[in-house]
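Hi everyone, thanks for coming. Please have a look at the model on the screen, and then I'll walk you through a few parts of it.

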Amino acid sequence: MSKLFAFSGDDDFCPGGPVYPNPKESSLFLSLGPHLDVYFPPRKRSRISAPFVYSEESFEQKQVSVDVLPDECLFEIFRRLAGGQERSACACVSKRWLGLISNISRDEIQSLKSRDKNIEKKVKVISESEDEDAEGDGYLSRSLEGKKATDIRLAAIAVGTASRGGLGKLSIRGSNSSRGVTSLGLRAIARGCPSLKALSLWNISSVGDEGLFEIANGCHQLEKLDLCQCPAITDQSLIAIAKNCANLTDLTIESCSSIGNEGLQAVGRCCPNLKSISIKDCRLVGDQGIAGLLSSATYSLEKVKLQRLNITDVSLAVVGHYGKAVTDLMLTGLLNVSERGFWVMGNGHGLQKLKSLTITSCMGVTDLGLESVGKGCPNLKQFCLQKCAFLSDKGLICFAKAASSLESLQLEECHRITQLGFFGSLLNCGAKLKALSLINCLGIKDENLGVPLNASCQSLRSLSIRNCPGFGDASLAVLSKLCPQLQNVDLSGLQGISDTGLLPVLESCEAGLVKVNLSGCVNLTDKIVSTMAEIHGWTLEMLNFDGCKKISDASLMAIADNCPLLCDLDVSKCAVTDYGIASLARANHLNLQILSLSGCSMVSDNSLNALGRLGQTLLGLNLQLCNAISSSTIDILVEQLWRCDILS
């Protein structure tokens, strides 16, 4: 072997001479077995390298990565991928790749297919169904809130939904304080989601006109736009949306301090399909914007909400004249609108199709103005009046006479309305009135009023009188004569009524009571509950006695014996005990689905078996503030009643 190491000269073992300075180094040999060593000299370029040991530093220097490619090259590669799933997979590699892929618009991919027939055929063969989904109508919905609302997530949504039917609805509420949503995120949505139909942006100060410009240019199918607390968005954004999104049907603007008249006028001119408009707390919106919008969308606009705006009587005159297609109208906090505005709106004769009207905190609502509205809206069915201090009994009665098609009337915090106006509206309303609500009206006083013998409101089915402290037994006696067809009664918070006043109402209801809410009526006792169960037990479906401290186990026994259809029972803070719960459980025909025992301090662990039997039909059980029921009992109930939602 030593001779072999010393071999050299013209007859070298390998022509060309030794390459390595020390030919005797044993590491230059490849071992092919325990008794055979072969020496391999270098050639021009060896395809199979010997197992040389490289240092870590030299290895890192020679490693090649795709990241060295510039963005332009990667962009061209990504836009040539066969389908959306491949692009989605690549987008998961890094934020850089995600950003590049999210900037590829649908038109750029399609233009490639039209130039390259081979790729087009490949896509048809491999991903035909995928492309059909990508061209879909956009049925996917995504929502980002708070810290999750970032540009990176928007880019991921744009790429991920493109191959799965397309994004149809996007809602962004709030934004990450350090890296929140900007125009870059909306640009990714605009380029990757042309099927977007509904966009909602709430409380996003970092998005301005540039982001809405991208949406307008890329999402031509947009139908619904909701902007709330976006101070950087101006009229220019609305103009761009109006010009590029002709399918816009629903526009909501709230607390956007930079949007004014010019944007609304553009929407009216360029959006012939606009059906719903809601504007709230926008200080730059005035009469010109409302007039331009309403006059242009006369035959399409169906729903109008104007809340806390700096508009005057002129805007209401425009509504009354040009609102020919309006069916729902809401007016809130219009402090600059006077009596004349409502009078002109009613006399404009344009609200012939109006069916629902809600007026809140408008000082211009007076007797004269409300009567005019009643006459000018012959098809009005639902009317809600809240916090209008200048309306009196006379105006309410005149309105009831004029609005002959009225089906539902609600009065809330109208303190000049007295017992005379309340019962006068019942006597003078049309034959279609089905529901009447009186809430927090402090002008009601309990007085004995004479009622004509033949007077009644046969059509009324639902009566709600809540938190009116002056409403007592005398008023209930009058109601019992006027409303013989009641089915739903809500008298919650009326501490002045007693068994004596409620009894005539129970006896006069010919159709049978279905839903009864007597929460907070602290003077009612077991006697009236037993009477109610006996008279109306076969029709009762819901009973609420929350806070009626004089109601005890006797009431539960009467309910168990007479109310087979009852599905919702609330006896919170009542004097019921374990015995009453056991009585309910023994009723084989009872089919309770909701049971509330909140604050029943005398219901204890002994009711475990009874609650278990009731739980066979229960879907909801409220045991909050039941201090006599231990946590171990609650755990057992949770385990046994797996279908039931238990509050404890």
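**Strands, helices and cysteines**

Let's start with a right-handed β-α-β unit, which is made by β8, helix α14 (residues 287-296) and β9. Right after that, the chain goes from β9 through helix α15 (residues 313-322) to β10, and this β-α-β crossover is right-handed. Keep in mind that what you see is a predicted model.

Now, how do the strands pair up? Strand β8 (residues 276-280) and strand β9 (residues 303-307) run parallel, with 5 bridges joining them. If you want to find a spot in this pairing, look for Lys280, which stands opposite Gln307 in β9. Then turn to strand β10 (residues 328-332): β9 runs parallel to β10, and 5 bridges join the two. Here you can look for Val304, whose bridge partner in β10 is Leu329.

On to the cysteines. A disulfide is a covalent bond between the sulfur atoms of two cysteines. How many disulfides does the count come to? With a cut-off of 2.5 Å between the sulfurs, the count comes to 0. Take Cys362, which is in no disulfide: the nearest cysteine sulfur belongs to Cys388 and is 5.9 Å away. Cys362 is also buried, at a relative accessible area of 1%.

Is Cys483 buried or exposed? With 1% relative accessibility, Cys483 counts as buried.

Definitions and conventions. Residues numbered from 1 in each chain as written. Predicted model: local features only at pLDDT ≥ 70, side-chain atom pairs only at ≥ 80, totals over all residues. Heavy atoms only, no water. Pairing = 2+ DSSP bridges. Helix = DSSP H or I, 4+ residues; strand = E, 2+ residues; numbered from the N terminus. Right-handed = clockwise from strand over helix to strand, strands pointing away. Buried < 20%, exposed > 50% of the residue type's maximum accessible area, 1.4 Å probe, protein only.
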